[in-house]
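Biologist: Can you walk me through this one? Start with the terms, then the fold.

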Amino acid sequence: MSSNPNTPDAIAVPLRFVIGQGYGDGCLCCPVCGGEYVHIGPVNVAQGQTNAVIENEQITVKPCERGKHFRGSLVQVVFWCECGHEFTYSFQFHKGITSCSLESRSNDRFDSLWRD
Ligand SMILES: [Zn+2]
């Protein structure tokens, strides 16, 4: 994953989901500037012993030791807006509760999932 939300330059921001109109359907907007031009970046899924990263039409699966240090799976989706904000929604699942958090950083290096 080229964008690690746990790096020191990432800052936690108040959790919010900003929804815009897009082309008539709802669309996810940047939680920093409200811009509608948001791209999907890398997706990371960490489970007990397996970490999968989907980025640039590639899926990388590696062993991990999350199960030794954390309880429950972690799903992280990185987005970036065309104004230069990168933001990551993280979801952790434990005992039937899915907790959410949001971090942001400035970024001038962008990767996206496949699009047409
Ligand atoms: Zn933005």
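Modeller: Terms first. Two strands pair if DSSP finds at least two bridges between them. Helices (H or I, at least four residues) and strands (E, at least two) are DSSP runs, numbered from the N terminus.

Biologist: And what kind of model is it?

Modeller: This is a predicted model: local features need pLDDT of at least 70, side-chain atom pairs count only at pLDDT 80 or more, and totals for chains, interfaces and linings use all residues. Residues are numbered from 1 along each chain as its sequence is written.

Biologist: How many bridges join S8 to S9?

Modeller: Ten, and the two strands run antiparallel. Phe87 stands opposite Ser104 in S9.

Biologist: What sits in the turn of that hairpin?

Modeller: Two residues separate S8 and S9 there, and Lys95 in the turn has a positive phi of about 50°. Lys95 is not a glycine. The loop with Lys95 runs between strand S8 (85–94) and strand S9 (97–106).

Biologist: Is Lys95 buried or exposed?

Modeller: Exposed, because Lys95 has 6 other C-beta atoms within 10 Å. The cut-offs: a residue is buried if 20 or more other C-beta atoms lie within 10 Å of its own, exposed if 12 or fewer, and partly exposed in between, with C-beta atoms placed from the backbone.

Biologist: Where is Glu57, and what is its phi?

Modeller: Glu57 lies in the loop between strand S5 (50–55) and strand S6 (58–63). Its phi is positive, about 60°, and Glu57 is not a glycine. Glu57 counts as exposed because it has 7 C-beta neighbours inside 10 Å.

Biologist: Back to the sheet. What is the strand order?

Modeller: S1-S9-S8-S7-S4-S5-S6, an open sheet of seven strands with antiparallel pairing. S1 and S6 are the edge strands, and each pairs on one side only.

Biologist: How many bridges hold S1 to S9?

Modeller: Two, in the antiparallel sense. Ala12 stands opposite Glu103 in S9.

Biologist: And S4 with S7?

Modeller: Seven bridges join S4 (residues 38–46) to S7 (residues 74–81), and these strands run antiparallel. Ala46 has Leu74 in S7 as its bridge partner.

Biologist: Now Val13. Where is it, and what does it touch?

Modeller: Val13 is in the loop between strand S1 (11–12) and strand S2 (18–20). Leaving out residues up to four places away in sequence, Val13 touches Pro31, Leu102, Glu103 and Ser104. Contact here means that the C-beta atoms, placed from the backbone, lie within 7 Å. Val13 is partly exposed because 15 other C-beta atoms lie within 10 Å.

Biologist: How far is Val13 from Ala52?

Modeller: Their C-alpha atoms are separated by 25 Å, and the two are 39 residues apart along the chain.

Biologist: Zoom out. What is the element order of the whole chain?

Modeller: From the N terminus on, β-β-β-β-β-β-α-β-β-β. That comes to one helix and nine strands.

Biologist: What are the overall dimensions?

Modeller: The C-alpha trace spans about 40 × 30 × 30 Å along its principal axes.

Biologist: What share of residues is buried?

Modeller: Buried residues make up 17% of the 116. As for contacts with a separation of 6 or more, residues 24 or more positions apart account for 51%.

Note on methods: Two residues are in contact if their C-beta atoms, placed from the backbone, lie within 7 Å.
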